[in-house]
Amino acid sequence: MSALDTGRSRLRLPGDPPGGPRACAVWGLGVLVYFIAVVHRSSLGVAGIDAAARFHISASELSTFSILQVLVYAGMQIPVGMLVDRFGTKKVLTVGVVLLTAGQLGFALSHSYAMALGSRAVLGCGDAMTFISVLRLGSRWFPARRGPLIAQGAALFGMAGNLVSTILLARLLHSAGWTPTFVGTALGGALVLVLIVLFMKDHPEGYEPLPSGPRPRGAVRRQLTDAWREPGTRLGLWVHFTTQFSAMVFLLLWGMPFLVEGQGLSRGAAGSLLTLVVLSNMVFGMVFGQIIARHHGARMPLALGTVAVTAASWAAVLAWPTPHAPLWLLITLCAVLGASGPASMIGFDFARPANPPERFGTASGVVNMGGFTASMIVLLAVGVLLDATGDNFTVALSSVFVVQALGVSQILRLRGQAARRERETITVSRVEAVHTAEATA
């Protein structure tokens, strides 16, 4: 590390938040909200077979639950990013938790397919307001240099919500039943809402953002256009698109049916493998966060390497000559899928240096659309192909390779542009940091 880089790491620029224990407490509350959102989001992943029986629906109709939820989530990302930039984290998170709780409660009480679909749409809308808000909260409470670790940390703790779904909810569903299980998770959202109202603050005292005043005509469109024009934003979107969906499709809906109906495992064994995906995700999150914090150039090799290993693992399982792949290979697949979530966080690390702080919420919304759009495409494709082929999981899950190929082609197209633009931005930032240090010396 050069002397200039060392100086930058020790320098806190004017207006840079101080961090500290209070920041950790407030950010921890935001992460708790995201944790609850992930529990609600992933609860259908362990209840897919039960939902099909409860509502008397086919595989494609079952996939519509998750597709609608993800469609709403993806469609809300850019508006949510702009709302967070405009109104702050607390207001957006408050509305998000209200919608999450209402959606999960409605799903718990649903007896018709239509009512259940509507409830998942409401849940998806609330879920959409959480992660971008937590990223924004971290940027308001911690120094900018902590950005990559804050993003990986939020994702890491959020994944614990998947762990609760795969371990606790799966057991409750078969012991307590459908309605008590989902009502219980909805009550968790109500508790978090009280904590937000009482204790959350958008920023530390003395670090209020400058008043924005009336927005000129066309400001919203211009902000979105400026974010999209940055190659780093578009590269971040395609990295997120290509890396995240494999694990999300597996955990959100199709993992349990694939392992039980396609591979002949018991529900207990399948639940253990879903748990392995989550635990692997948490381990990879810690590893990737540390690697990227120390070696910024590792972002692209980690992203593309994750895609390559994931594709190879899926190919080995789906091409196995006997109907059921061996357990060791399924364990390998689930361990590899755990890298998908942490790899998708790399997308934000491409978008962050490409955009100024006042546009970060909008740029994050653009990036976060990527993986959820890909998940929506694959969720639909798997359901349709299962119905068309008589529940042939090999054919249905081969749609993973098509979406990966599309994403990799776009990453390779954009990475050169983004790298050149980032080098220019870093050069300017270093000059400004030196001038600021000299002025304050």
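Student: Which residues are linked with Arg359 in a network of salt bridges?

Tutor: A salt bridge is a side-chain nitrogen of Lys or Arg within 4 Å of a carboxyl oxygen of Asp or Glu. Here, Glu230, Arg359 and Arg421 form such a network. This is a predicted model, in which local features need pLDDT of at least 70 and side-chain atom pairs count only at pLDDT 80 or more, while totals for chains, interfaces and linings use all residues. Residues are numbered from 1 along each chain as its sequence is written, and side-chain values use heavy atoms, with hydrogens and water left out.

Student: How many salt bridges does the structure hold?

Tutor: The structure holds five. One of them joins arginine 41 to aspartate 127, with the closest N and O atoms 2.6 Å apart.

Student: Which parts does the pair of arginine 41 and aspartate 127 tie together?

Tutor: Helices are DSSP runs (H or I, at least four residues), and strands are E runs of at least two, both numbered from the N terminus. Arginine 41 lies in helix 2 (residues 21–42) and aspartate 127 in helix 6 (residues 113–127), so the pair connects parts 86 residues apart in sequence.

Student: Is arginine 41 buried or exposed?

Tutor: Buried means under 20% relative accessible area, exposed over 50%, and partly exposed in between (1.4 Å probe, protein chains only). Arginine 41 is buried at 8%, and aspartate 127 is buried at 1%.

Student: What is the state of arginine 267?

Tutor: Arginine 267 is partly exposed, at 33% relative accessibility. Its side chain meets that of aspartate 50 in a salt bridge (3.2 Å, N to O).
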